[in-house]
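Grab your viewer and work through these exercises one by one. Each comes with a solution you can follow step by step.

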Amino acid sequence: MRAVRSTLELADQLKVGSLSMPAISTGIFGFPKDKAARVILRAVSDYFNTQPTSRVHLVRLALFDQETVDVFLKEVK
């Protein structure tokens, strides 16, 4: 969660309007995709709830395969 928040904070400092980030550590490090989805989505949501004037207007999640996409979509619902 800290990595996601730090990324968003840095994007704001650099006045970046959009960014992409991967499902951190779910590849070769084997972090569980369902847990990653919860953590990442919560971190993004929490950031914008606490930073309503953020310059970031678009966060893309760059997901490697359909399995990961499905896990993230399930978590969104």
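**Exercise 1.** Find where D34 and R38 lie, and work out how their side chains meet.

*Solution.* Start with the helix: D34 and R38 both sit in α2, four residues apart, about one turn of the helix. (Helices are DSSP runs of H or I with at least four residues, strands are E runs of at least two, and both are numbered from the N terminus.) Next, check the side chains: they meet in a salt bridge, 3.9 Å from N to O. That term asks for a side-chain nitrogen of Lys or Arg within 4 Å of a carboxyl oxygen of Asp or Glu. Last, look at accessibility: D34 is partly exposed at 41%, and R38 is partly exposed at 32%. Here, buried is under 20% relative accessible area, exposed is over 50%, and partly exposed is in between, using a 1.4 Å probe and protein chains only.

A word on the ground rules: this is a predicted model, where local features need pLDDT of at least 70 and side-chain atom pairs count only at pLDDT 80 or more, while totals for chains, interfaces and linings use all residues. Residues are numbered from 1 along each chain as its sequence is written, and side-chain values use heavy atoms, with hydrogens and water left out.

**Exercise 2.** Look at the other salt bridges: how many does a search of the whole structure find?

*Solution.* The search turns up four.

- Go to R5 and E9, whose side chains form a salt bridge at 3.1 Å, N to O. They are four residues apart in helix α1 (residues 2–13), so about one helical turn separates them. R5 is partly exposed at 28%, as is E9 at 32%.
- Then take D65 and K33, with their closest N and O atoms 3.5 Å apart. D65 lies in the loop between β2 (58–62) and α3 (66–76), and K33 in helix α2 (residues 33–50), so this pair ties together parts that are 32 residues apart in sequence. K33 is buried at 18%, whereas D65 is partly exposed at 26%.
- Finally, widen the view: K33, D65 and E67 are linked in a network of salt bridges.

**Exercise 3.** Find the aromatic pair and say why it is edge-to-face.

*Solution.* There's one aromatic pair in the structure. The ring centres of Y47 and F48 are 5.5 Å apart and the planes sit at 80 degrees, so the pair counts as edge-to-face. The cut-offs: rings of Phe, Tyr and Trp (its six-membered ring) pair if their centres lie within 6.5 Å, with planes under 30 degrees apart stacked, over 60 edge-to-face and the rest tilted. Y47 is buried at 2%, while F48 is partly exposed at 25%.
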